[in-house]
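Hi,

Here's the structure I said I'd pass along. Have a look, and my notes follow below.

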Amino acid sequence: MSQTRLHSALRAILEFGPVAGFVVAYLLLRGQTIVIAGTEYSGLVVVVGAFVPVFVLATAALWWLTGHVARVQIALAAFALVFSGLTLWLNDSTVFQMKPTVIYLTSALILGIGLMRGQGWLRHIAQDMIPLTDPGWLLLSKRVALLCLLSGLANELVWRTQSETVWVLFETLAMPVLIVVFCLTQIGLVVDHATLKPRKKKPGKNR
């Protein structure tokens, strides 16, 4: 399927709408107990059950409309489905709270294995977005692996020591901002290690 440009407003709705809806719904239902088919569920469990499918459908819609979805988005959708299913099955919101830890630490482990082999495996999920040299991918993989490790530890610290509300706001608002700040700090690396395709000379023209 060929890639199609999508209106920026529609793209923003598909990418950020489910997260915004998740936060609003949680703030409305936090602290409440909802009975469904005779079983009591906390507000967070209900919101997880309602909005994770929305997130997955939004990702599918983005792919259908544009013909392209980043591999990292597909991986996040798969993790979300697995952990939301476990959360509903076990009726335990802590399973979903552990999801970011598993994602971050798994990513750090995979990147770490690649680094021990002298390879920047981040290339496999981000090369369609950032054109870098091999040394550039190696350096960026090191930094992202460290970011993932610290993010996993931060998630564990927050959900185990803070209230459920603080954790939700931390993961949906604070973490995205921190990741954006991290990406901005890597602009210098991208500039230094960017690979640009050489321009073809027109026949008959000399320098």
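Helices here are DSSP runs of H or I with at least four residues and strands are runs of E with at least two, numbered from the N terminus. This is a predicted model, so to speak for the cut-offs: local features need pLDDT of at least 70, side-chain atom pairs count only at pLDDT 80 or more, and totals for chains, interfaces and linings use all residues. Residues are numbered from 1 along each chain as its sequence is written, and side-chain values use heavy atoms, with hydrogens and water left out.

A61 first: you'll find A61 in helix 2 (residues 43-66). With 26% relative accessibility, A61 counts as partly exposed (buried is under 20% relative accessible area, exposed over 50%, partly exposed in between; 1.4 Å probe, protein chains only). G17 is 44 residues from A61 in sequence, and their C-alpha atoms are 13 Å apart.

Next, the hairpin. Strand 1 (residues 33-36) runs antiparallel to strand 2 (residues 39-42), with four bridges; pairing takes at least two bridges found by DSSP. I36 has T39 in strand 2 as its bridge partner. Two residues sit between the strands, and A37 in that turn has a positive phi of about 55°.

Last, the surface. L105, L146, L149, L150 and L153 make a nonpolar patch of about 440 Å². Patch residues have over 30% relative accessible area (Shrake-Rupley, 1.4 Å probe, only the protein chains shown as cover) and no salt bridge, with nonpolar side chains (Val, Leu, Ile, Met, Phe, Trp, Tyr) joined within 5 Å and like charges within 9 Å. A salt bridge is a Lys or Arg side-chain nitrogen within 4 Å of an Asp or Glu carboxyl oxygen. Helix 7 (residues 134-161) gives the most to the patch, four residues. L146 lies in helix 7 and, at 48% relative accessibility, is partly exposed.

Cheers
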